[in-house]
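Visitor: Hi, I'm new to this one. Could you walk me through it?
Guide: Happy to. Let's bring it up and take it piece by piece.

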Amino acid sequence: MITLTNLGKVFRTELIETHALRDVNLQVNEGEFAALTGPSGSGKSTLLNILGTLESFDSGDYQLDGKSVKGLSDAALSKLRNEKIGFIFQSFNLIKDFSIYDNIELPLRYRGLNATVRKQRIERALELVGLHARRDYLPGQLSGGQQQRVAIARAIAGEPRILLADEPTGNLDSLMARQVMELLEQINRQGCTILMVTHDPDQARRAGRNIQIIDGQLHDSTMYDPLAQHTA
Amino acid sequence: MEQLFYYLKVSWFSIKRAPLPYMLTVLILSLGLGVFFSNATFYYRMNSDPLPDKSDKLFFPMMMLVPYQCSDCKAPPVLSYSNVAKLAASDIPSARAAMYSADGYLRQHAAQPPTPVTVRITQRDFFSMFDVPLLHGTIWPDNQARDELLLSKATAEKILGRTDVVGQQLLLDDRLFTIIGVLDDWQMLPKLYDAYNRQYLNPAEDIYLPLESGYDYNYLSNNNSSTYDDADYRKLATDGRTKAIHQLQYWVQLDTPAQQQAYRQFMANLVTDEKAAGRHPSPEANQLVMLRDIVRYFGGESADIKAFAIVTLLFLLVSVFNASHLSLNRYLSNQYEFSLRRALGANRSQLQMQLLVDMGLMSTFTLAGAAVIAYGCTKLMNSLWPANRLFASWDVQLMLALAVLTLFCSYLVTLYPSLRASFGSLNKQLKE
Ligand SMILES: Nc1ncnc2c1ncn2[C@@H]1O[C@H](COP(=O)(O)OP(=O)(O)O)[C@@H](O)[C@H]1O
Ligand SMILES: [Mg+2]
């Protein structure tokens with residue numbers, strides 16, 4: 001469902017040009033759970049942001065479901081982000097003075113769903129992440145792991161087909177990290193494609209596929225083998 | 001509708017995050033707008049045209065018809081009775097009225113304490129020329145002397161307690177007059193028929209007497225008058241019509257450019273004839289000034305008020321600039337949330353909508369603040385310059401103008417910051 005061909009990204013400032021990504025070729029199929037690893041500054045976040053259409057690219061092409069995202073209008077890109085893609089960030093990015101419920105509602109708001117449908121979806125997402133009882137809490141009243149689960153609930157409430165997670169467990173201790181990881185695996189089993197940046201070799205191993213980025217270039221991209229995962 | 005409430009809620013939360021800078025922004029903007037508005041009201045009223053349909057048809061003739069030699073004098077703003085009579089001989093104007101003002105004391109009967117009143121002593125065309133509305137009764141049928149007066153509505157209510165008083169009698173300086181008419185609410189602002197000496201700032205008079213009666217009963221002018229030779233301005237009843245007592249303002253209505261041209265010629269001929277008759281030695285200095293231009297002609301425009309208006313406009317600009325700076329800070333600190341909303345699928349027009357609602361909320365607060373401050377400023381100005389009180393009144397139109405101005409300023413204040421916010425890079429703050 002994701003196809004990158006010769007994709008390149010350059011950051012230009014007054015002083016320097018940074019080639020954050022060069023000639024990236026990547027194919028991600030529906031239902032995959034892929035881990036993105038690589039040293040800091042190698043371009044992992046940039047790649048994830050491009051996949052999430054938060055960032056533009058300078059060369060090559062990015063096709064989502066067979067259609068190039070190049071030249072799409074802001075409205076079309078926003079719709080695509082809203083409906084097909086869920087984001088999970090390392091620092092959770094919850095709005096601090098909004099309740100858990102309101103935080104999860106945020107993407108649904110911009111989709112124009114009516115209140116009943118929104119409520120159904122939020123409750124289902126809360127149920128899945130096991131925080132139904134905390135719906136009226138503020139993010140600050142939850143632990144880091146719980147906050148990240150709220151962020152996951154927010155990401156999946158819109159029932160996206162792709163989940164992009166940028167070091168989702170980077171700010172968590174190992175117990176919480178494991179819970180989050182298990183949650184992601186559960187979501188993946190329900191059919192959602194997941195791309196996750198991680199530094200944790202264990203997590204990378206648990207993912208069905210490993211993609212390594214060094215200096216903006218893809219290496220060692222273990223090709224996806226559906227049979228291998230199903231038998232594992 | 002539900003989405004609107006959501007936008008309002010989002011704005012409200014963002015205000016709650018940093019209430020002080022927000023209040024400061026609103027306060028600064030309210031202050032600029034309030035001060036500007038109270039002053040602009042004043043300036044606007046003072047410079048407004050009270051008779052837009054007629055202000056280019058009513059003319060104030062001035063002539064150098066005085067018995068003394070002056071080669072570079074401006075024509076005086078008043079005329080003698082005999083000069084007015086000569087001017088009135090022309091039938092070029094479609095209406096004409098001579099007038100002056102005086103003071104008197106009015107009461108219903110001798111047992112009542114007298115009330116001081118201002119009196120306009122004039123002729124019948126005055127009422128039609130200046131569109132004076134009549135509530136009850138009629139005006140005088142001609143310009144003869146008669147013991148009949150007209151009252152303003154407020155005066156009727158004050159002295160008699162009601163307005164339907166036609167036919168009743170009143171004591172004006174203990175002479176019995178019959179009320180033949182009561183004016184409806186009327187306040188010509190500015191009162192341009194009496195522009196000399198900045199009299200146009202004053203309210204319209206309380207009662208109206210026929211010119212001939214004013215002379216007969218020796219009502220002396222309380223405004224500009226000048227006398228020549230052996231004339232004594234105090235002997236109006238006996239000498240007023242014959243001697244060189246110059247105290248009459250004279251207005252004529254000239255509807256077409258042709259009439260105006262003809263009237264100028266008539267005035268020029270009159271000066272030539274008078275000169276030939278040896279009644280005045282000075283060269284011609286005729287003036288025929290439009291109602292619209294009369295304040296400017298007399299130099300009655302007040303430079304301090306104009307300067308003040310400009311200062312308050314500058315103050316408003318500075319306020320807008322400061323408020324815009326504060327609001328930019330607010331949006332920059334909200335940038336993170338904007339980016340997050342964008343990342344989660346809000347498109348630009350949804351964000352713009354959010355910002356529009358935000359602006360609407362700010363305008364509402366600012367409008368309330370500006371109205372309070374403008375009210376306070378107006379009160380202050382009224383107590384500093386009580387004479388100008390008439391010009392500080394507000395009406396629906398002015399309030400609407402304030403609302404539009406507030407909206408516009410709030411828009412200016414939020415425009416640039418909101419553009420920055422919605423076109424800023426999406427990912428920077430979310431990446432970490
Ligand atoms: N907005 C930006 N402007 C300039 N350079 C950037 C920007 N974002 C990332 N970079 C640069 O691009 C490279 C890749 O960054 P990033 O994708 O964040 O790396 P990673 O997530 O793998 O640590 C880095 O050298 C970084 O400094
Ligand atoms: Mg990163």
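**A first look around**

Guide: Let's begin with a pair of strands: E7 (residues 162-166) and E8 (residues 193-197) of chain A run parallel and are joined by five bridges. Keep in mind that this is a predicted model.

Visitor: Okay, and which residue in E8(A) is the bridge partner of A:Ile162?
Guide: That's A:Thr193.

Visitor: What sheet do those strands belong to, and in what order do its strands come?
Guide: An open sheet of six strands in chain A, ordered E6-E7-E8-E3-E9-E10, with mixed pairing. At the edges you find strand E6 (85-88) and strand E10 (217-219) of chain A, each of which pairs on one side only. On average, neighbouring strands in this sheet are turned by 20° against each other, if you ignore direction.

Visitor: What actually holds strands together in a sheet?
Guide: Strands of a sheet pair through backbone hydrogen bonds, and the pairing can be parallel or antiparallel.

Visitor: Which strands make up the antiparallel sheet in chain A?
Guide: Four of them, in the order E2-E1-E4-E5, and this sheet is open too. Its edge strands are E2 (17-28) and E5 (67-68) of chain A, and each has pairing on one side only. Strand E1 (residues 2-12) of chain A pairs with E2(A) in the antiparallel sense over eight bridges.

Visitor: Changing topic: how many residues are in contact between chain A and chain B?
Guide: On chain A it's 30 residues, in contact with 24 residues of chain B. Together the two chains bury about 2600 Å² between them, with 51% of that on carbon and sulfur atoms.

Visitor: Which three residues supply more than any other three of the area chain A buries there?
Guide: A:Phe98, A:Arg109 and A:Tyr110, which supply 28% of the area that chain A buries against chain B.

Visitor: How many salt bridges are there between chain A and chain B?
Guide: Six. One of the salt bridges in the model joins the side chains of A:Asp74 and B:Arg348, at 4.0 Å from N to O. The interface of chain A and chain B also has twelve residue pairs in polar contact, both residues being at pLDDT 80 or more.

Visitor: Which helices of chain A are on the side that touches chain B?
Guide: Among the helices there, H1, H2 (74-84), H3 (100-109) and H4 (115-129) of chain A each supply at least two residues. By class, that side of chain A has twelve nonpolar, eight polar and ten charged residues.

Visitor: How many salt bridges over all chains?
Guide: 41. Among them, A:Glu105 and A:Arg118 form one whose closest N and O atoms are 2.8 Å apart. A:Glu105 sits in helix H3 of chain A and A:Arg118 in helix H4 of chain A, 13 residues apart, so to speak distant parts of the chain.

Visitor: Now chain B. Which peptide bond is cis?
Guide: The one from B:Leu189 to B:Pro190 is cis, with omega near -15°. B:Pro190 is in the loop between strand E8 (175-183) and strand E9 (207-210) of chain B.

Visitor: And what about phi of B:Asp173?
Guide: It's near 50°, a positive value in a residue other than glycine. You'll find B:Asp173 in the loop between strand E7 (169-172) and E8 of chain B.

Note on methods
Residues numbered from 1 in each chain as written. Chains lettered and ligands numbered in written order. Predicted model: local features only at pLDDT ≥ 70, side-chain atom pairs only at ≥ 80, totals over all residues. Heavy atoms only, no water. Pairing = 2+ DSSP bridges. Helix = DSSP H or I, 4+ residues; strand = E, 2+ residues; numbered from the N terminus. Contact = heavy atoms within 4.5 Å. Buried area = accessible area lost by both parts, 1.4 Å probe. Polar contact = N/O pair within 3.5 Å; in protein donor to acceptor, adjacent residues only side chain to side chain. Nonpolar A, V, L, I, M, F, W, Y, C, P; charged D, E, K, R; others polar. Axes fitted to C-alpha atoms, helices over the stretch in contact; angles between N-to-C directions.
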